[in-house]
Structure formats: C-alpha cells, structure tokens
Amino acid sequence: MRRKRPYQSEESKQRTVSILPPEGVPLRFVIAPVSSRFSALAFDLLLITISMYLMVFVLIAIFVAGGLFKSGGGYALSFWLIGIFLIRQCYFFFFEMIWQGSTPGKKLLGLRVIARDGRPLGLQGLIARNLMRDIEVFIPLGLFSQAFQMGNESAWLSWMAMGWCLIALTFPFFHPQSMRIGDIVGGTFVIVIPKAELEVDKARQTTLARKVQISFTPEQLAVYGEYELETLAQLLRKVDEDKADADDLRIIARTIADKIRYEGHEPLSTPLVFLQIFYAAQRKALEQKLIWGQRKANKHQRS
Amino acid sequence: MDTNQSPTSSAPSTPRSVQFRKEREASWRELEDIVERVQNKSLSSLDDRDLQRLPLLYREAMNSLSVARATALDRLLIRYLEALCSQSYLAIYGARRPSRRMLWALFVAVPLEIRKASRELLLAILFFAAGIAVAWSLVDRDPQWFHVFVSPQMAAGRTPWATTESLQNTLYDSGQKKGDALSVFASFLFTNNARVGLLAFSLGFLLGIPAAILLFYNGLVLGGFLSLFASRGLLIPFLGWLLPHGVPEIFAVLLCGGAGFLMGRALLLPGSLLRTEALRNAGLRASLIVTGAIFLFAYAALFEGFFRQLIVDDVLRFLVALLQCLLLLWWFYLGQKQEQKDLAAENFEQETPAWPLQADPQRGGR
C-alpha cells in the first residue's frame, strides 16, 4: 500500500478517466464535476428560455407586420409549437455537433463531450445522450403540472414517470464517474478541457546560483527519493510566488544538510541557493538512476 | 549501476530532463499554437502547412510524453505534456462536423437498425395487438368499456351512443376547417406523438415496462374504436380513414416501443458485456430507430393534418395507404442496398483500418 502523497491531494480529488489513443500512450482526462455540469445546464436552459421568448416576439412581429393575424393566426401557433419542439430537442444536439462537443454553457465552463471508447464523437452518440436529456431535465419540469392537471386515467402514468425521473435526475451524484444516464446510453464522458501551461523549470539555475560552487557526493544524493524531490520542487515554486518564509527555508535547508551530512556554511548563509542547487543535483541523480530502471520512491526505500 | 560515470557532478548540474525539454520545447510551442486555433475555430480553419504539421507535431508530443513519464522527474513538465497531448488528441480525434454524406448514411442506416431489432419490434407488435384484441373483445361485449379506453376528448363524439350517420360523417367530414386550423392540428399531433414516442424510448431504460404500457395503451384505444365502428358495419371505411396516416404513425409507435424494449433488454440481459457497455450499444442503435420514428411522426402528422380531409373516396384512401407501405418498403430497400455496398467495399479493402487499441473505461477512474 503506497502512502498517500500530500502534493497529490489536489489531483486525487479530481476524478479522471484514461483513454488510449491509437498512438498507444494513455491519456488522462479530468471528469467534469457535477457542480459545473449543473451550472452549464442552467446556463443552457436560460438560453433556451430566452430563445423561446425571442421566437414568440419574432413571430408576433412578422405576423403583425404582415397583417396576417386574421387569416393566418393558426400558422403562427403551429410555427410556435414546432419551434418549441425543435429548440427543446435540438439545441444541445446542434451545438454539440458543430462546436466539437460543447454547448454555450459547456464552453463557458470549459467542458466538452468525448466518446468513451476514444473514437471521434459520432452523431448517434450525440442523439442518444440528448434524447435521454428529455427525461432527465424537461419532463420532470413539466410533469408536476401534468399530474395534477389531468386528474384522469393518465395521472398514475405521470406519477410513475415522475418517480423514474427523480432517479434519473439524481443519478450523476451516485455514479462513480458522475455520468448521467444520457452519458451511459450515448457512450460519452463530459470532461474538463485540459489547459496546457509550461512553467519555468526549477532545475535551471538562476544566475546567482551558478556562481556558487556546491557539489554533492553520490552518497549524499542517495538519501532522498522522488517524494522528497517533488516536495522540494513545490517549496521552490512557492518561493517564486513569494509565499515562502525565509525562516522556513533556513530550517528546511539545515534539516536537509543534517540528513545528508553536508558540511558547509551555505545552508545557513544562502539557504535558497543551496536548496536550488541541491534540487538540481538530486533530480539529476534520480533521473540518472531512472534510466537504469531504478526508481527510488522515497527516503525509506533502500536503493 | 556505474557510479563512476557521473560522480560529484560539476557544480551547476543540469538534469537530463532539462536538456530533453530544451531540445523539444519549440515544437511543443508550435503544436500548442496550432491546437489553440483548432479549439477556437475548427480543423478546417488551418492552412495547408499547419494541417500537415499537426499530426507530425502531435506524434512528437506523444513521444515526448511517453519518454517524460518514464525518465523525467519534473511533475510540471509531465502535467504540461499530458495537457498538450490531450488537447491535440481532442483536436485531431475529437469530433467532426457532419457532412451531407454522414446524414445520408444515417438515413439509410435506420432501416438496417430496424431490421436488426426485429425481435424487439415483434414484441412491440405483440403488445400492441394484445391491446387491440382486449379492447375489441371487451367493447364488443359491453359498450360501457369504451369509456375506459378512450378519453372523452379523444372520442370527440364518437361513442357507442352516437348514431351510425354521425359516426359515418366523422369519417367523411370533407374539411370545412381552414388551412391554418389544419396546420395547428398537424403540428400539435406531431409534437405530441413525437414526445410520447421519445418517452417510450427514454423510459425504456426502466426494463422496457413503460414501452410495453405505451404500446398496450395505444392498442386499447385503437381496439376500442375498431370495435365501435365494426359494430355499425363501418369497419372498412374506418380503416380507409385511418390507414393513410396510420401506416407511418403506427409504425413509428411500434418503432419507439421496440427501441424501448431494446434498452430494457440491454439492462436486463446484458449478456457477456458490462451493463454500461450493453446499454451504450443498445442506446446507439435505439437512438437511430427513434430518430427514424420522429421523422415518420412528422410525416404522418403532415399527412393527417392536411391531406386526410381532402381525400374522401374509400378506394383512393386504400390506394394512398398502399402507397405509404410502398414508401416504407423503398426506404428499407435503400438501406439494404447501402448494406450491400458497404459489404462489397469491406471485401475490397480486405483490411479495414480498425481502431487498434481499446481503452478500458473501467480502469480509468481512481
């Protein structure tokens, strides 16, 4: 059983899914959390509502301008009926089709739909996942009123359907990969669009560090492992963001110097430079071993 | 390990991964730039040069990622490469804008899927027929049953207590309604039917029980009417009134029910597959069938709304119904032709470029 690494905590909170592209290098994607999916949905629903109202106004404007209301009011009504149906059923499908798996709401929150098997997102999958949206979103909204309104032989059917819709609505909260039913049926995931940012490497010394001559023996570099290396890297990143305390740096530098039995004044006089150079040297040593297939996970592991 | 190779390294020691990064960073940056443009617009917005560079750079980045995972101890570097490769992967393999050819392929794929789901369709027909039979026999014995099956709005005066003449009139009402009233009727019919059909599909998830109920219920309504009109000797005219729009409409109802059964079966009897996988397979197939059904509903509603009242001759009505059947058959024929074409193409290519590796989605989550 491996120890849980503190510097992974930010990552391990996210749920990921790995997909194997044809190039054979597995890629990890972060699954969109339920909260941001609901926000995206809310935004999309808002847009749908707005567009429905817009449609009503446009229809009224057209028919009033054309003086058609007396003769063709029925046509306006039928346009409205069909229009609502189309907007409701096709909004998500349409945008996910032309915007690489994102609706306006998803784009706002940086989400997108991908196929579970790693293939291109097909039309069928999109149709399936968005048909299921009907029972997950739209029907529950309409069912309450229907169940009371009809009050006749179909009411029991409405109640039954509503119970089912409740299951469907709460489904993503219980699913380990927070899929909704439409995702299962359509064979899709909703993921967070990855963002690539390359930061400055901590192992490239600053000019100050280059002037200082510090060297370590192989024995000194054989004490720590990858876990300690990454912890140190995090500390150095903190220094860049001006979040580190000078006293802390000194204490850490001294602890390291004690542990590896380094005898010199640098840990006390210039702790930051010492830490930077130690980090570079330690990483070089560990990477050298890695090439020989030897991993040293942490300081407790004997190499 | 030979420690003498690089002992106490000269003071500003640079790890291998720093060198590794220095050599490749330029090409990563180039890929980053191209991928960003694809994300903001689309693949087709790239010029020829970038389009050519993209797959090369992508493979290079994938290579870098795989090397970095094995040899570099710079977490930020690996994280960057993972994000970059994921982005490029999505840009290259993610989604495609559908072309007209894809839509056509979808259109002809529907009848194929319907044929593959013939067992479910048979089950749907069974439930529908059972509904008809039950309603018919019960109404035949006691007309009171009619009210149980048919709601007053739907009956619209067509009850066992109406006179034969008034019943006959409903069949040949030559349409005093104006065009716009008919259009409302048609669009209402379409949206209502399509929604019920969609419900049968999406609730089919519930072991197919709602689909069965829907089919049985629709069968009951039809059976009630059939029995009523048959008791007055109006069965043939009623069928003539019903079938021209009923052929596509009833077929669409059956399709939706069949799609629901498809889903229900996947959940109940997934076979050797995981339930999620079985559901996905069924969902992809059923969604095609339902799409076909929606178009049939739209077609039937148009027909019912506009043309039904224009044709009042019994013989003509049956001819139109026959024509509808022929149209459906033609659709199936198109599907079959496409299937044969696909098969021929497959044989010709010998080795279809298959997806080489499948990721296991169950392994992904942590």
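Among the elements of chain A, helix α1 (residues 9–13) of chain A has the lowest mean pLDDT, 55, while helix α4 (residues 104–108) of chain A has the highest, 91. These scores belong to a predicted model. For the model as a whole, the ipTM is 0.79 and the pTM is 0.77.

**Confidence along the chains**

- Chain A has a mean pLDDT of 78, with 81% of its residues at 70 or more.
- In chain A, the pLDDT is below 50 over residues 1–9, and this stretch has 4 contacts in the model beyond near neighbours in sequence.
- Chain B averages a pLDDT of 78, and 83% of the residues score at least 70.
- Residues 1–11 of chain B have a pLDDT below 50, with 15 contacts in the model beyond near neighbours in sequence.
- The pLDDT is also below 50 over residues 356–366 of chain B, a stretch with 24 contacts beyond near neighbours in sequence.

**Domains of chain B**

- Chain B is divided into domain 1, covering 16–93, and domain 2, covering 101–349.
- Between the C-alpha centres of domain 1 of chain B and domain 2 of chain B there are 52 Å.

**How helices pack**

- Two packed helices are described by the angle between their axes and by the distance between those axes.

**Helices α1 and α2 of chain B**

- Helix α1 (residues 16–40) of chain B and helix α2 (residues 48–71) of chain B have axes that come within 9 Å and cross at roughly 150 degrees.
- An angle over 145 degrees counts as roughly antiparallel, so α1(B) is roughly antiparallel to α2(B).
- The crossing of α1(B) and α2(B) is left-handed.
- On the α1(B) side, the residues that meet α2(B) include B:Arg24, B:Trp28, B:Leu31 and B:Ile34.
- On the α2(B) side, B:Arg53, B:Leu54, B:Leu57, B:Tyr58 and B:Ala61 are among the residues that meet α1(B).
- Sorted by class, the contact of α1(B) with α2(B) has 7 nonpolar, 4 polar and 6 charged residues.

**Helices α5 and α11 of chain B**

- Helix α5 (residues 118–141) of chain B packs with helix α11 (residues 235–268) of chain B at an angle of about 120 degrees, and their axes are 8 Å apart.
- The two helices α5(B) and α11(B) are therefore oblique to each other.
- α5(B) passes α11(B) in a right-handed crossing.
- From α5(B), the contact includes B:Leu121, B:Ala124, B:Ile125, B:Phe127 and B:Phe128.
- From α11(B), the contact includes B:Leu254, B:Gly257, B:Gly258, B:Phe261 and B:Arg265.
- The contact of α5(B) with α11(B) has 9 nonpolar, 2 polar and 2 charged residues.

**Helices α10 and α13 of chain A**

- Helix α10 (residues 226–240) of chain A and helix α13 (residues 271–291) of chain A have axes 10 Å apart and pack at an angle of about 145 degrees.
- α10(A) and α13(A) make a left-handed crossing.
- Among the residues that α10(A) brings to the contact are A:Leu229, A:Leu232, A:Ala233, A:Leu236 and A:Val239.
- Those of α13(A) include A:Leu272, A:Leu275, A:Gln276, A:Tyr279 and A:Leu286.
- By class, the contact of α10(A) with α13(A) has 9 nonpolar, 2 polar and 2 charged residues.

Notes. Residues numbered from 1 in each chain as written. Chains lettered and ligands numbered in written order. Predicted model: local features only at pLDDT ≥ 70, side-chain atom pairs only at ≥ 80, totals over all residues. Axes fitted to C-alpha atoms, helices over the stretch in contact; angles between N-to-C directions. Helix = DSSP H or I, 4+ residues; strand = E, 2+ residues; numbered from the N terminus. Parallel < 35°, antiparallel > 145°, perpendicular 65-115°, else oblique. Left-handed = near helix turned anticlockwise from the far one by under 90°. Contact = placed C-beta atoms within 7 Å. Nonpolar A, V, L, I, M, F, W, Y, C, P; charged D, E, K, R; others polar. Domains from an automatic or database assignment. pLDDT = per-residue confidence, 0-100.
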